[in-house]
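Hi there,

Here is the structure I promised to pass on to you. Have a look at it first, and then read on.

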Amino acid sequence: MPIVAAFDFLSHEFMHHPFNEGYLRMLRAAFPGDRIVFHAKQGHIDRLAQRFTADDRIEFQPCPPFAARFGLSRHNPVGGRLAAWQCWQSAMRSISGQDLRLAALLGFDANLYAVFQARWPASFTAPLHMILHNHLAEAMSWRSRNPLFRAFDLRTVMQRALPANVRVVVLELGIRDAIAAITPALAQSIETLEHPLLASEWGAKPSVAESSRPLRIAFVGHASANKGFDLFAEWGRRH
């Protein structure tokens with residue numbers, strides 16, 4: 001039976017649960033006859049698995065998270081690459097020898113990006129989708145003053161063209177346009193996936209009391225200026 005494997009080496013506990021649940025449900029709808037296996041940190045799996053039933057046929061397998069050793073920063077080229085290499089080895093132990101249809105890396109930084117995009121074509125013909133979560137948008141604008149670190153940051157490593165079976169998946173049209181402008185070599189390798197919405201968030205009909213209340217809009221995540229939050233807040237005040 002073909003397998004679809006999703007790996008999240010960065011999320012922990014409750015991080016990215018809405019997206020990860022929606023993405024797994026989308027995979028199940030797209031590949032109804034395949035095995036779908038989700039790999040993440042045990043604490044993340046423990047909480048996410050509660051959202052599924054046996055009928056969903058989603059398998060959950062724990063894997064070690066991305067972790068730079070020796071107290072080094074994740075931006076450190078040595079510690080970061082070593083951590084990414086360990087994630088790669090964990091993924092290989094899980095999917096080597098399988099009838100792989102698709103693999104997805106749910107979130108990446110410079111080190112995961114560099115290791116996976118470089119080694120994937122020599123190991124698999126199946127596509128690899130590397131999903132750029134919004135919590136990593138800051139990494140695109142972060143540039144170290146250290147020239148060694150700067151040579152290995154996300155902006156630098158994304159200047160290289162991707163192999164044919166490796167794609168970057170972004171969740172907003174604006175992110176796609178921004179990456180294409182910054183790294184023209186990636187323009188043909190970017191896919192856009194609208195952030196999946198869960199039926200549990202909109203499916204229940206509101207009560208009469210709820211429907212009479214003023215509309216409230218909330219943000220979850222980084223409400224930063226470079227994501228346009230200040231502009232949205234200004235529009236809210238104006239209207």
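Predicted model: local features only at pLDDT ≥ 70, side-chain atom pairs only at ≥ 80, totals over all residues.

Let's begin with strand β4, residues 100–106. Six of its seven residues are buried, so the strand is largely enclosed by the rest of the structure. Which strands pair with β4? One of them is β1 (residues 3–8), which runs parallel to β4 and is joined to it over five bridges; here Phe 7 sits opposite Leu 105. Strand β5 (residues 128–132) is also parallel to β4, with four bridges between the two, and Ala 104 faces His 129 there. To get from β4 to β5, the chain passes through helix α4 (residues 110–123), and this β-α-β crossover is right-handed.

Now for the charges. Side chains of opposite charge can pair when their charged atoms come close. The count here is ten salt bridges. One of them links Asp 56 and Arg 25, at 3.4 Å from N to O. Asp 56 is in the loop between α2 and β3 while Arg 25 is in helix α1, so this pair ties together parts that are 31 residues apart in sequence. Are these two buried or exposed? Asp 56 counts as buried, at 19% relative accessibility, whereas Arg 25 is partly exposed at 31%. Both belong to a network of salt bridges that also includes Glu 21 and Arg 51.

Another salt bridge joins Arg 237 to Glu 234, with the closest N and O atoms 3.1 Å apart. These residues are three apart in helix α11, about one helical turn. Arg 237 is exposed at 61%, and Glu 234 is partly exposed at 30%.

Happy exploring!

Terms used: Residues numbered from 1 in each chain as written. Heavy atoms only, no water. Buried < 20%, exposed > 50% of the residue type's maximum accessible area, 1.4 Å probe, protein only. Pairing = 2+ DSSP bridges. Right-handed = clockwise from strand over helix to strand, strands pointing away. Salt bridge = Lys/Arg side-chain N within 4 Å of Asp/Glu carboxyl O.
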